[in-house]
Amino acid sequence: MSGIGPVEPGEDTRVRDTPPPRPRGRLALRYERHRRTVLASGAVLVVLAGGGYLYASRSQPRPAPPPPYPSQAIDLVYVTPATGSPATAAGVFSFTVLLSVRSGPPVTVTRLTQPYDGLSMTSSPAAPFQTKSHSARKIVVTLRVTECEKAPRNPGLPFLDVTLRNTRAIEAHSFILGARYAQDLSQALEVACGNDSR
């Protein structure tokens with residue numbers, strides 16, 4: 001033999017493929033026998049874990065904002081003295097207010113009162129009554145003078161106490177009806193109690 005190069009097998013010789021060493025231990029033998037099942041189960045677990053993580057970390061839709069409080073959703077304004085009301089000389093006078101629900105769920109007026117001891121009050125419609133969202137309701141308020149001594153002579157900022165309810169809350173709120181209402185109320189009280197002395 002002479003020359004340079006790799007050693008080549010001679011005649012009647014073969015290269016033997018040596019088998020890989022056999023795993024030792026009970027767990028290794030079991031893995032070797034069930035390798036495909038173990039790998040498939042591991043892949044399924046990875047996919048399930050990844051899917052669960054993606055599901056849990058997905059963006060949640062924002063919850064709807066709560067409806068407004070009833071006193072924030074309505075307007076109560078003085079309109080005018082009611083036409084066809086009983087004579088003010090008898091100590092009874094009526095006026096109209098407008099209740100408007102701007103937004104949110106319907107609002108129920110559960111109580112409507114006034115603060116003066118010398119006056120009693122009724123309303124039409126009588127409480128409780130409900131007004132739907134984006135609508136208005138005329139309310140005729142009738143005041144009767146019961147005692148001129150306790151009735152205010154010149155009320156500066158007369159108001160109505162109104163108890164309101166919607167799906168969010170129940171609120172008692174005082175509504176100042178403005179200068180025109182104060183003037184009309186003062187005139188009606190002057191007519192009803194003008195001859196009485198205090």
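Which hand does the disulfide of C148 and C193 have, given the torsion about the S-S bond? The torsion is about -80°, so this disulfide is left-handed.

## Ground rules

This is a predicted model, where local features need pLDDT of at least 70 and side-chain atom pairs count only at pLDDT 80 or more, while totals for chains, interfaces and linings use all residues. Residues are numbered from 1 along each chain as its sequence is written, and side-chain values use heavy atoms, with hydrogens and water left out.

## The disulfide

Back to that cysteine pair. Searching the whole structure turns up 1 disulfide, the term meaning a pair of cysteine sulfur atoms within 2.5 Å. In C148 and C193 the sulfur atoms sit 2.0 Å apart. The link ties together distant parts of the chain, 45 residues apart: C148 is in the loop between strand 6 and strand 7 (159–165), and C193 is in helix 4 (residues 179–193). Helices (H or I, at least four residues) and strands (E, at least two) are DSSP runs, numbered from the N terminus.

C148 counts as buried at 11%, and C193 is buried at 1%.

## Sheet one: 1-2-6-4

Here 4 strands make an open antiparallel sheet in the order 1-2-6-4. Two strands count as paired if DSSP finds at least two bridges between them. Strand 1 (74–81) and strand 4 (119–124) are the edge strands, each with a single partner, so one side of each has no neighbour in the sheet. On average, neighbouring strands are turned by 30° against each other, direction ignored; the axes behind such angles are lines fitted to C-alpha atoms (for helices, over the stretch in contact), and angles run from 0 to 180 degrees between N-to-C directions.

Inside this sheet, strand 2 (residues 92–101) and strand 6 (residues 135–145) pair in the antiparallel sense over 10 bridges.

## Sheet two: 5-3-7-8

Another 4 strands form an open sheet, again with antiparallel pairing, in the order 5-3-7-8. Strand 5 and strand 8 (170–176) take the edges with a single partner strand each, so one side of each is left without a neighbour in the sheet. The twist averages 35° from one strand to the next.

## The nonpolar core

A nonpolar core here is a set of buried Ala, Val, Leu, Ile, Met, Phe, Trp, Tyr and Cys residues joined through side-chain atoms within 4.5 Å. The largest one has 31 residues, and F95, V141, L143 and L177 have the most contacts inside it. Strands 1, 2, 3, 4, 6 and 7 and helix 4 each supply at least two residues of this core. Helix 4 gives the largest share, 6 residues.

Take V141 as an example. Leaving out residues up to four places away in sequence, V141 touches residues including F93, F95, V97, L112, M121 and L160, a contact being heavy atoms within 4.5 Å.

## Salt bridges and a buried proline

There are 2 salt bridges in the structure, each defined as a side-chain nitrogen of Lys or Arg within 4 Å of a carboxyl oxygen of Asp or Glu. R102 and D75 meet at 2.7 Å, N to O. The two are 27 residues apart, R102 in the loop between strand 2 and strand 3 (107–113) and D75 in strand 1. Both are partly exposed, R102 at 39% and D75 at 33%. In the K150 and E147 bridge, the closest N and O atoms are 3.9 Å apart. K150 is partly exposed at 47%, and E147 is partly exposed at 35%.

Finally, P70 lies in helix 3 (residues 70–73) and is buried at 0% relative accessibility. Beyond four places in sequence, P70 touches V107, L164, R165, N166, A169 and E171.

Definitions and conventions: Buried means under 20% relative accessible area, exposed over 50%, partly exposed in between (1.4 Å probe, protein chains only).
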